[in-house]
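Here is a short briefing on one protein model and its ligand. Look at the structure first, then work through the points by topic.

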Amino acid sequence: MNIKKEQIVTPWQVSGEIDYEKLISQFGTTKLTEKLKKDLENKTKSKKLHLFFRRNFIYSHRDFNKIVENIENNNFYIYTGRGPSGKMHIGHLISFITAKWFQDEFGCNVYIMLSDDEKYLISKKLNLEEINKISIQNFEEIAAIGFDPDKTFFFKNTEYISKMYKTALKFAKRTNLSTAKAIFGFNNETNLGHIFYTMIQIVPTTFERDKYCLIPAGIDQDPYWRIQRDISEKLNFKKVTAIHNKLLSPIQGINGKMSSSNENSAIFLDDDEKTIKNKINKYAFSGGKPTLEEHRKYGGIPEIDVCYNWLNILFEEEDNKINEIYKNYKTGKLTSGELKKILIEKIILFIKKHKENKEKNKKDLNKYMYSGKLAKQMWEK
Ligand code: TRP
């Protein structure tokens, strides 16, 4: 008998085997079509879609067609965020990499929330001072992505709250407890701060009233946008739009979500070469056969192989190269050990560049937070 663990996907919990098609119908989002992607591609400067689109890692959306229709007129801005609960791993960068791609292609503003309040409220052990330290470290990692300092605003909720509070109140007044319970799964043990926090996360969807807000984020964050879309028009705001990426898997298997609470399931942005090699060689779930002889004879299964999947969605830009890897692995020409080696080299290079960019861009942190053109405007509001 084949009993699948029931899938649970909320902003705070991901467990079971995730069926991404089912999430679309469960959440009521729309599948990204080839046609919509083609329309987007035609309007890009580079005439090429980002890897995440090409490999179907970004796969679902809400009203993204409205943005694409008129995107050449700079009709949108980007909002995304991060809950600062500890050091960051590669999975945490996905929405920021996507945001940066849109900024490069279309020149849009980017707003990045650090929800220090949220993490304080749900953490069992961290106090506010500790979270503050983590926030600065996380901002430095995000700055490494290289956003335009005049078109990007980084803010921490406990600091920027006075500018967001009124809008949060407007949404809160129209959201009752039973709705919040149904959408987020809150129960009698949930603390009140956590319940109110959900309204704060919605506020930046209203930062530029005459433009669409586009949110690139994991599909697990979708419940917030559902509330926003129910209420926003009554408050004279536009309905938020979103594109959803799948969740990056842990090293141990292609299902589920990479998690900081299990050191060996994730590649952290400060991992050194030895650690990276060790984690991949020791733990990466392989679709290869147990012996070389069998592998050569029957071939591997790329679809369930973590190394193949990570190369596909994150590290191998070239379409012809990934196709070749797929073919060679499936026919047994490429071994599991060789595949691991390809991935390890790519990760090491990625992390090395990331660390260099972090050192280089640290100096811009002040601009992102306070003194760049957009940041200044946001503080003067
Ligand atoms: N709640 C998110 C987390 O725990 C952080 C976050 C805040 C966010 N604002 C956001 C994520 C907007 C995506 C989009 O990581």
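The shell around the ligand divides into five nonpolar, six polar and three charged residues. Here Ala, Val, Leu, Ile, Met, Phe, Trp, Tyr, Cys and Pro count as nonpolar, Asp, Glu, Lys and Arg as charged, and the others, Gly among them, as polar. This is a predicted model: local features need pLDDT of at least 70, side-chain atom pairs count only at pLDDT 80 or more, and totals for chains, interfaces and linings use all residues. Residues are numbered from 1 along each chain as its sequence is written, and side-chain values use heavy atoms, with hydrogens and water left out.

**The ligand shell**

- The ligand is surrounded by 14 residues; a residue counts as near if one of its heavy atoms lies within 4 Å.
- The closest are Tyr79, Gly83, Glu118, Gln201 and Gln221.
- Strand 5 (76-82), helix 6 (116-122) and helix 10 each supply at least two shell residues.
- Helices (H or I, at least four residues) and strands (E, at least two) are DSSP runs, numbered from the N terminus.
- Strand 5 gives the most, with four residues.

**Atoms that pair with the ligand**

- A ligand nitrogen lies 3.0 Å from an N or O atom in the side chain of Tyr79.
- Another entry is Gln221: an N or O atom of its side chain is 3.2 Å from a nitrogen atom of the ligand.
- For Lys119, a side-chain N or O atom is 3.4 Å from an oxygen atom of the ligand.
- Taken alone, the ligand exposes 360 Å², and the protein buries 91% of that; such areas come from the Shrake-Rupley method with a 1.4 Å probe.

- Two packed helices are described by the angle between their axes and the distance between the axes.
- Axes are lines fitted to C-alpha atoms, for helices over the stretch in contact, and angles run from 0 to 180 degrees between N-to-C directions.
- The axes of helix 8 (residues 157-173) and helix 10 (residues 192-202) come within 8 Å and cross at roughly 100°.
- That makes helix 8 roughly perpendicular to helix 10, a label for angles of 65 to 115 degrees.
- Residues in contact (heavy atoms within 4.5 Å) include Ile161 and Tyr165 in helix 8, and Phe196 and Ile200 in helix 10.
- This contact has eleven nonpolar residues, one polar and no charged.
- Helix 10 also packs with helix 11 (residues 222-231), at about 75° and with axes 10 Å apart.
- These two helices are therefore roughly perpendicular to each other.
- Among the residues that meet are Thr198 and Gln201 in helix 10, and Trp225 and Gln228 in helix 11.
- By class, the contact of helix 10 with helix 11 has six nonpolar, three polar and no charged residues.

Note on methods: Angles under 35 degrees count as roughly parallel, over 145 as roughly antiparallel, 65 to 115 as roughly perpendicular and the rest as oblique. A polar contact is a pair of N or O atoms within 3.5 Å; within protein, one must be able to donate a hydrogen and the other to accept it, and residues adjacent in sequence count only if both atoms are side-chain atoms.
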